[in-house]
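Here is a friendly walk through some of the side-chain and helix contacts of this protein. Keep the viewer open as you read, and follow along residue by residue.

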Amino acid sequence: MTLLREIASQATSFDFMSLRNVALIAVMGATGTGKSTFINKACDGNMKIGRGLESCTSEIQLSPFFRLNGRNVCLIDTPGFDDTNRPDSEILKDIAYYICEAYQQHIQLAGVVFIHRISDSRVTGVTRRNMKMFQQLCGTDAMKNVVIVTNMWGNVDKADGELREAELRTKSIFLEEAIKNGACIIRHDNSANSARKIISELLKNDPVTLQIQREMLDQRMDVIDTAAGAELNRELMEQAKKYQKQLEELKKESDGVCNL
Ligand SMILES: Nc1nc2c(ncn2[C@@H]2O[C@H](COP(=O)(O)OP(=O)(O)OP(=O)(O)O)[C@@H](O)[C@H]2O)c(=O)[nH]1
Ligand SMILES: [Mg+2]
């Protein structure tokens, strides 16, 4: 099957016609960061919220349309990275196929929201990788249409939260490059007003084409060969090498014990 046919077959359940003349904004981030909650606040919607420990949103869903600043707006709820049951390669593929099908139907994104819990006391290796993968998915040119939303400020001491925010903003392993290229970090207080203000910021810009859309459709790349896919693959290969080394060391040690 050709790449374009494959994309189309995965995304046929979506009615892209209804999205013409709608400001379409994708909401991404790790599982449990509050993507569906944020969307519900913005549109007064009823997307399913996960109160348990397992990932909740398992496939791409569209919010109801809502009016904001004279525009019809629709938010794309995405399955979170670092899902309880699905690998990030599948999550990336779901998101990539959906937005590529939209691009093929001449529907551009008005912007992208990436949610990060400021209450997390550490950025784990997986979160760091997913931040990088997200940046590669959007690409430098689209960064002015990206808002990094920090939430759960109520669960952290304010001064600690501010230090974490500064680190995210200034360290190259996190979001420094994204910020330099025009992305902004905005605090969200979990109110409808705050969510709608964040969306309003994105409505000020012209719609944008993401790097992964260009790569997959203009350059006919497979998702794993795109910059975002390569970022994921690179990390997984490094992990595989690390585990292989650990296994070899364990084997050497156990051989040593057996030879005593
Ligand atoms: N304190 C606080 N809790 C929040 C906020 N946003 C979400 N939550 C809680 O975080 C949990 C997960 O929220 P969801 O909206 O389901 O998160 P999600 O990112 O959609 O998760 P997945 O669908 O698994 O990717 C729920 O218990 C929410 O009530 C927030 O801004 N502040
Ligand atoms: Mg969700």
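## Aromatic pairs

Phe-114 and Phe-134 are both buried. Please keep in mind that this is a predicted model. The count of aromatic pairs comes to two. One of them joins Phe-16 and Tyr-98, with 5.1 Å from centre to centre and 35 degrees between the planes, a tilted arrangement. This pair links distant parts of the chain: Phe-16 belongs to the loop between helix H1 (3-10) and strand S1 (23-29), while Tyr-98 is in helix H3 (residues 88-104), 82 residues apart. Phe-16 and Tyr-98 are both buried.

Back to Phe-114 and Phe-134: their ring centres are 4.5 Å apart and their planes lie at 40 degrees, so this pair is tilted. It too links distant parts of the chain, with Phe-114 in strand S5 (residues 109-117) and Phe-134 in helix H4 (residues 125-138), 20 residues apart.

## A charge over a ring

Trp-153 is worth a look as well. The charged end of Arg-187 sits over the Trp-153 ring, 4.3 Å from the ring centre.

## Where helices meet

How do the axes of helix H2 (residues 35-43) and helix H7 (residues 192-203) cross? They come within 7 Å and cross at roughly 90 degrees, which means that H2 is roughly perpendicular to H7. On the H2 side the contact involves Phe-38, Lys-41 and Ala-42, which meet Ala-192, Ala-195, Arg-196, Ile-198 and Ile-199 of H7. By class, the H2 and H7 contact has six nonpolar residues, no polar ones and two charged ones.

H4, the helix that holds Phe-134, also packs with helix H9 (residues 227-258), at an angle of about 155 degrees and with the axes 7 Å apart. H4 is therefore roughly antiparallel to H9. From H4, the residues are Arg-128, Arg-129, Lys-132, Met-133, Gln-136 and Leu-137; they meet Ala-227, Ala-228, Glu-231, Leu-232, Glu-235, Leu-236 and Gln-239 in H9. The contact of H4 with H9 divides into six nonpolar, two polar and five charged residues.

Is Leu-175 buried or exposed? Its relative accessible area is 1%, so Leu-175 is buried. Leu-175 lies in the loop between helix H5 (158-170) and helix H6 (176-180). Setting aside neighbours within four places in sequence, Leu-175 is in contact with Met-131, Gln-135, Ile-148, Leu-168, Arg-169 and Ile-185. Between Leu-175 and Glu-165 there are 10.0 Å from C-alpha to C-alpha, and the two are 10 residues apart in sequence.

## Helix H8 and positive phi angles

In helix H8 (residues 211-218), the buried residues include Ile-212, Gln-213, Glu-215, Met-216 and Leu-217. After H8 comes Arg-220, with a positive phi near 55 degrees. As background, most residues other than glycine have a negative phi.

Asn-21 has a relative accessible area of 77%, so it is exposed. For Asn-69, phi is about 50 degrees, and its place is the loop between strand S3 (66-68) and strand S4 (71-77). With a relative accessible area of 55%, Asn-69 is exposed.

Methods: Residues numbered from 1 in each chain as written. Chains lettered and ligands numbered in written order. Predicted model: local features only at pLDDT ≥ 70, side-chain atom pairs only at ≥ 80, totals over all residues. Heavy atoms only, no water. Phe/Tyr/Trp six-rings, centres within 6.5 Å; stacked < 30°, edge-to-face > 60°. Helix = DSSP H or I, 4+ residues; strand = E, 2+ residues; numbered from the N terminus. Buried < 20%, exposed > 50% of the residue type's maximum accessible area, 1.4 Å probe, protein only. Lys NZ or Arg CZ within 6 Å of the ring centre and 35° of its normal. Axes fitted to C-alpha atoms, helices over the stretch in contact; angles between N-to-C directions. Parallel < 35°, antiparallel > 145°, perpendicular 65-115°, else oblique. Contact = heavy atoms within 4.5 Å. Nonpolar A, V, L, I, M, F, W, Y, C, P; charged D, E, K, R; others polar.
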